[in-house]
Amino acid sequence: MEEEYSVTVTDLINKMNLVNHTPDIDTDKILIKDPNMNRPAVQLAGFFDHFDSARIQICGNVEYAYIANMHSREENIEIFNKLFEYKIPCLIFCRNLQPYDFIIEAGNRYGIPILTDTLETTSEFVHEVVKWLHVELAPRISIHAVLVDVYGEGVLITGDSGIGKSEAALELIKRGHRLVSDDVVEIKKVSEDTLVGTAPERTRHFIELRGIGIVDVKSMFGVECVKQTQSIDLVIELAEWDKEANYDRLGLEDQYTEILGNKVVCHSIPIRPGRNVAIIVETAAVNHRQKKMGYNAAQELYNRVTRSMAASLNNDN
């Protein structure tokens, strides 16, 4: 069974700088588990079939005007009593619209926080909250790896303990790239296409180097050498050199690994003395970026060889 994640209404208030009109309600105990939002248009008209009450409820200009003009005060009170009986997480008025007194009273009565946002448009607020909730409530795992930002590409370096992941990360940092996490990477699936990695709070910005100990990257190399989060674009798997193994020497077809159901391009890099892993990782990141921009060096070489062979055959004929 997939683990369910949540944030509290207090987290939402603090993140979005919302005004709380019901301060007596304990928002620490009210959980938000659905990253989507609902504008209660038909609910304000009294239609509650298929109502998704687990979502945050949003009122903008349209809903506010409807409340003011379409019902008497008594009818509005009845509607909001019914709305709040569903135990929604909270009701937010956007564009700094001030909630009516009877809504605040009903909120206090049913334990539903009534909040106000000050952004200029409702759509802007909805976009920001949905984006934040999709990250906070995303499925996640923690893996033993190193995550670095190399030329804007998020490179996840994996491999057995002691293979040299941290040393490669340190060399990349000295070459101007940025560390996201060493040893443990927390990965969240924020969409079907995007994985985002970060470091656990307790180990953030630290690297462990065998024989030396713990190194504080932020203090030693500066804040420009660290990063809080990074999308994962490429996986580099470090492995001991095996002379019997058949390693890919052309790269015509990408290999993939699966993380939380998302496929990520993966390169297996054999390690032996004399190989500069940092430069290999750097080159892999640039090559991956080139492929995303439409240029594939392996395919270009293949095309050149094919054209050369075709030309030789034509000359022979």
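User: Are Phe80 and Phe102 buried or exposed?
Analyst: In this predicted model, both Phe80 and Phe102 are buried.

User: How are the rings of Phe80 and Phe102 arranged as an aromatic pair?
Analyst: The arrangement of Phe80 and Phe102 is edge-to-face, with 6.0 Å centre to centre and 70° between the planes. Phe80 belongs to helix 4 and Phe102 to helix 5, so the pair ties together parts that are 22 residues apart in sequence.

User: Which residues form the ring cluster?
Analyst: Ring pairs link Phe80 and Phe102 into a cluster with Tyr64, Phe84, Phe93, Tyr100 and Tyr110.

User: At what angle do helix 4 and helix 5 pack?
Analyst: The angle between helix 4 (residues 73-85) and helix 5 (residues 101-110) is about 30°, and their axes are 10 Å apart. Angles under 35 degrees count as roughly parallel, and helix 4 and helix 5 are therefore roughly parallel to each other. The crossing of helix 4 with helix 5 is right-handed.

User: Which residues make that contact between helix 4 and helix 5?
Analyst: Helix 4 contributes Arg73, Asn76, Ile77, Phe80, Asn81, Phe84 and Glu85. From helix 5 come Phe102, Ile103, Glu105, Ala106, Gly107, Arg109 and Tyr110. By residue type, the contact of helix 4 with helix 5 has 7 nonpolar, 3 polar and 4 charged residues.

User: Back to the rings: how many aromatic pairs are there?
Analyst: The count comes to 9 aromatic pairs. One of them joins Phe51 and Tyr86, which are edge-to-face at 5.2 Å centre to centre with 85° between the planes.

User: Where do Phe51 and Tyr86 sit in the chain?
Analyst: Phe51 is in the loop between helix 2 (41-44) and strand 5 (56-59), while Tyr86 is in the loop between helix 4 and strand 6 (91-93). The pair links distant parts of the chain, 35 residues apart.

User: Why does Phe51 count as buried?
Analyst: Phe51 counts as buried because its relative accessibility is 11%, and the cut-off for buried is under 20%. Tyr86, with a relative accessible area of 33%, is partly exposed.

User: Changing topic, how do helix 7 and helix 9 pack?
Analyst: Helix 7 (residues 165-174) packs against helix 9 (residues 277-292) at an angle of about 70°, and their axes are 8 Å apart. Helix 7 and helix 9 are therefore roughly perpendicular to each other. Helix 7 passes helix 9 in a crossing that is right-handed.

User: Which residues of helix 7 and helix 9 meet?
Analyst: On the helix 7 side they are Ala168, Glu171 and Leu172, and on the helix 9 side Val277, Ala278, Val281 and Glu282. The contact of helix 7 with helix 9 comprises 5 nonpolar, no polar and 2 charged residues.

Note on methods. Residues are numbered from 1 along each chain as its sequence is written. This is a predicted model: local features need pLDDT of at least 70, side-chain atom pairs count only at pLDDT 80 or more; totals for chains, interfaces and linings use all residues. Side-chain values use heavy atoms; hydrogens and water are left out. Axes are lines fitted to C-alpha atoms, for helices over the stretch in contact, and angles run from 0 to 180 degrees between N-to-C directions. Helices (H or I, at least four residues) and strands (E, at least two) are DSSP runs, numbered from the N terminus. Angles under 35 degrees count as roughly parallel, over 145 as roughly antiparallel, 65 to 115 as roughly perpendicular and the rest as oblique. A crossing is left-handed if the near helix is turned anticlockwise from the far one by less than a right angle, and right-handed if clockwise. Contact means heavy atoms within 4.5 Å. Ala, Val, Leu, Ile, Met, Phe, Trp, Tyr, Cys and Pro count as nonpolar, Asp, Glu, Lys and Arg as charged, and the others, Gly among them, as polar. Rings of Phe, Tyr and Trp (its six-membered ring) pair if their centres lie within 6.5 Å; planes under 30 degrees apart count as stacked, over 60 as edge-to-face and the rest as tilted. Buried means under 20% relative accessible area, exposed over 50%, partly exposed in between (1.4 Å probe, protein chains only).
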